[in-house]
Amino acid sequence: MTTLVTGATGHVGANLIRTLLAAGRPVRAMVRGRPIGLEGLDPRLLTTVPGDVRDPASLARAMDGVEVVLHLAAHISISGDHGGLVHAINVDGVRNVAEAALAAKVRRMVHVSSIHAFCLDEGAPLDEASPRAQHRREPAYNRSKAAGEAALRQVIERGLDATIVNPTGIIGPHDYRPSRMGRTILQLCGRSLPALVPGGFDFVDVRDIVAGILAAEAQGATGRNYILSGRWAAVDELAATCRRLTGVPSPRLTAPMWLARVGAPFVELGGKIIRREPLYTRESLEALRANRSIKNDRARSEIGYRPRPFESTIRDTIQWFVEEGALPAGLLRDRAA
């Protein structure tokens, strides 16, 4: 049973492919550019193919002979539509993958969407029945994730067997690029983060997301969403956890939200000038004020989802960065706690 993984070189992809290989499943990884994070993996089970979700012909080639498609590819943005790239990948790309999967008669597809497909500022507890991010006031990324799901559902109605998972903020090992949260942990442990900001988000371990994806593949209902959340944690709790595990002092300054908002346009401009993702943006600040009550009851009851404790995730993430040489050896004070 060959499984195609799109977005194979991302954070979730690196963990998912390792789990599939450990289970003895043949994997075809669709990549653009260098296969970051996939070097040295078992060539008897893993093959890489070039492809782009914006290119239907490359998708058709990648899906030839495939039984399952795990669609991870996405363009994450905290600063608008990036010249149309967010929509092209997160909406049109999802449609292209779904159409190719239907044409190839794959047995099953799992679409890894995001919690950002929902309206995160709703006051009531958020679950799979909550309103989607469709209003124009929503960030471009959030609207793209909701629209991508809608595009997929149109293909499901024509016979594609697919299900959807919605992770929250992902943290964990095998973060090769690294991700935004990975960079935050590196900055906290390296004392290079100038200040904290108020607020927080629901964080979840990447390995629990992988388990949720595979559980949804095996047991998820067609066309059904499954929220894969962990628990809400404040930014200062994340910093305090890193400090407790490593002994590295946290930033002394916590900028008030009004000040961070005032500074956001200048931070964004600086990021454009140096062509690097800014430390924060107006969109990311709004995310830190998101709904604290995100429910994963459906995933727990229907597919057996069980996220691990927050501190275990942070400890394992720091240890992985240590092993990769991104943080000093011996940084963790208590590896067994």
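Let's start at Gly24, which sits in the loop between helix H1 (11-22) and strand E2 (27-31). Gly24 is partly exposed, with a relative accessible area of 41%. Leu45 is 21 residues away from Gly24 in sequence, yet the two C-alpha atoms are 7.3 Å apart in space.

Keep in mind that this is a predicted model. The average pLDDT over the protein chain is 90, and 88% of the residues score at least 70. One stretch to treat with care is residues 258-271, where pLDDT stays under 50. The model has 20 contacts there beyond four places in sequence. Where pLDDT is low, the predicted coordinates should not be read in detail.

**The overall picture**

The protein chain contains 11 helices and 10 strands. It has 337 residues, and 55% of them count as buried. Take the contacts between residues at least 6 apart in sequence: 74% of these join residues at least 24 apart.

His111 belongs to strand E5 (residues 108-112). With a relative accessible area of 0%, His111 is buried. Which residues does His111 contact, leaving aside its neighbours within four places in sequence? They are His71, Val94, Glu149, Leu152, Thr163, Ile164 and Val165.

Thr168 is in a loop instead, the one between strand E6 (162-167) and E7. A relative accessible area of 7% makes Thr168 buried, since the cut-off for that class is under 20%. Not counting residues up to four places away in sequence, Thr168 touches Ile115, Phe201, Asp202, Phe203, Val204, Leu228, Ser229, Gly230 and Ile294.

**Some backbone details**

Most residues other than glycine have a negative phi, and most peptide bonds are trans. A few places in this chain go the other way. The peptide bond from Arg177 to Pro178 is cis, with omega near -15°. Pro178 itself is found in the loop between E7 and H5.

Then there is Lys105, in the loop between helix H3 (85-104) and E5. Its phi is positive, near 60°, and Lys105 is not a glycine. Lys105 is also exposed, with a relative accessible area of 73%.

Arg191 has a positive phi too, near 55°. You'll find Arg191 in the loop between H5 and E8, and at 61% relative accessibility it counts as exposed.

Is helix H5 largely enclosed or largely open to the outside? Of the 10 residues of H5 (residues 180-189), 7 are buried, so the helix is largely enclosed by the rest of the structure. The buried residues in H5 are Met181, Gly182, Thr184, Ile185, Leu186, Leu188 and Cys189. They pack against strand E7 (169-171), strand E8 (200-205), H7 and H11.

**How the helices pack**

Two packed helices are described by the angle between their axes and the distance between the axes. H11 takes part in both of the pairs below.

| Helix pair | Axis angle | Axis distance |
|---|---|---|
| H7 and H11 | roughly 60° | within 10 Å |
| H5 and H11 | about 80° | 11 Å |

Take H7 (residues 235-246) and H11 (residues 310-323) to begin with, whose axes cross at roughly 60°. That angle makes H7 oblique to H11. The crossing of H7 past H11 is right-handed. On the H7 side, the contact is made by Glu237, Leu238, Thr241, Cys242, Arg244, Leu245 and Thr246. H11 brings in Phe310, Glu311, Ile314, Arg315 and Ile318. By class, the residues of this contact between H7 and H11 are 6 nonpolar, 2 polar and 4 charged.

Now for the other pair, H5 and H11, which pack at an angle of about 80° with axes 11 Å apart. That makes H5 roughly perpendicular to H11. Gly182, Ile185, Leu186 and Cys189 of H5 make the contact, together with Ile314, Thr317, Ile318 and Phe321 of H11. How many charged residues does the contact of H5 with H11 have? There are no charged residues in it, alongside 6 nonpolar and 2 polar ones.

Conventions: Residues numbered from 1 in each chain as written. Predicted model: local features only at pLDDT ≥ 70, side-chain atom pairs only at ≥ 80, totals over all residues. Heavy atoms only, no water. pLDDT = per-residue confidence, 0-100. Contact = heavy atoms within 4.5 Å. Axes fitted to C-alpha atoms, helices over the stretch in contact; angles between N-to-C directions. Helix = DSSP H or I, 4+ residues; strand = E, 2+ residues; numbered from the N terminus. Parallel < 35°, antiparallel > 145°, perpendicular 65-115°, else oblique. Left-handed = near helix turned anticlockwise from the far one by under 90°. Nonpolar A, V, L, I, M, F, W, Y, C, P; charged D, E, K, R; others polar. Buried < 20%, exposed > 50% of the residue type's maximum accessible area, 1.4 Å probe, protein only.
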